[in-house]
Amino acid sequence: DQVLSIRVKTFREDSKSHTDSLKKLLEFTIEDQRVFLQNGRWTRFNESYTEWLDESIDTSIEMEIPADPDLVDISANETDFNPTMAVKGYVVNDKDFTILLLKGYTVEAWDLKKGKTAYAVKFGTAQKVGYACDQAINVCEIIRNEPSKRAKLDLDTYCLWLILDRSINLTKLSGLKSIILKQKLDDWARRSREIGIKPQVRICLL
């Protein structure tokens, strides 16, 4: 009966450590009861809200399924994938914390860049790619708060490159099963547009 009193300290290489309650860190959806737990609060959603959310992410975020044969089915893992993209003209910025420096701590801005498009790469199921959204939202907030950094980045598109389990067959983003992930995508897309950056999602299969 005291389990939700547990507090969790999180250490990340790209930000300061912080402590939260266990309940705030849990994310859980009960679809048949139309409720979800996020940021420590239970929230009920109705059909009108889910329809609005689906339409919002489908119309505001460009979804790309690349035709390049080398990207249709990917066999590499997350650690090995980024370096293999260098031969395809991508600049590898994985673990590069010098792109965005912010008052005493570092942020990993993205993993790859090609032209004026940055790519945050994340492997996993659709339910496990929320961290990529969090990373992209952090980048948006830094740029919004320090607009002088915007021109130096030479960036007009930010792409979440999601490499998903091949059992997930997506033709549009509304096909994702996680309402929490959809909310994060919608939040990120709105913040991106506000600072003049085009939001994009690229889907490949693992």
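Mentor: Start with helix α5. Its buried residues are Gly130, Ala132, Cys133, Gln135, Ala136, Ile137, Val139, Cys140, Glu141, Ile142 and Ile143. Keep in mind that this is a predicted model.

Trainee: How far apart are the end C-alpha atoms of α5?

Mentor: They are 23 Å apart. Helix α5 covers residues 130-145, so at 1.5 Å a residue its 16 residues should span 22 Å. The two values agree.

Trainee: Switching to β11. How many of its residues are buried?

Mentor: Seven of the seven, residues 117-123, so the strand is largely enclosed by the rest of the structure.

Trainee: Which residues sit on which side?

Mentor: Thr117, Tyr119, Val121 and Phe123 are on one side. Ala118, Ala120 and Lys122 are on the other. Side chains in a regular strand alternate between the two faces of the sheet.

Trainee: Which strands pair with β11?

Mentor: Strand β10, residues 112-114, pairs with β11 in the antiparallel sense over three bridges. Strand β12, residues 157-164, runs parallel to β11, and seven bridges join them.

Trainee: And what does Ala118 face in β12?

Mentor: Tyr158 stands opposite Ala118. Ala118 is also the bridge partner of Lys113.

Trainee: What lies between β10 and β11?

Mentor: Two residues, in a hairpin. Gly115 in the turn has a positive phi of about 65°.

Trainee: New topic. Which residues form the nonpolar surface patch?

Mentor: Val3, Leu4, Ile6 and Leu26, with about 330 Å² of accessible area together.

Trainee: Where is Leu26 found?

Mentor: In the loop between α1 and β3. Leu26 counts as partly exposed, because its relative accessibility is 38%.

Note on methods
Residues are numbered from 1 along each chain as its sequence is written. This is a predicted model: local features need pLDDT of at least 70, side-chain atom pairs count only at pLDDT 80 or more; totals for chains, interfaces and linings use all residues. Side-chain values use heavy atoms; hydrogens and water are left out. Helices (H or I, at least four residues) and strands (E, at least two) are DSSP runs, numbered from the N terminus. The expected span of a helix is 1.5 Å times one less than its number of residues. Buried means under 20% relative accessible area, exposed over 50%, partly exposed in between (1.4 Å probe, protein chains only). Patches are made of residues with over 30% relative accessible area and no salt bridge: like charges are joined within 9 Å, nonpolar side chains (Val, Leu, Ile, Met, Phe, Trp, Tyr) within 5 Å. Accessible areas come from the Shrake-Rupley method with a 1.4 Å probe; for residues, only the protein chains shown count as cover. A salt bridge is a side-chain nitrogen of Lys or Arg within 4 Å of a carboxyl oxygen of Asp or Glu. Two strands pair if DSSP finds at least two bridges between them.
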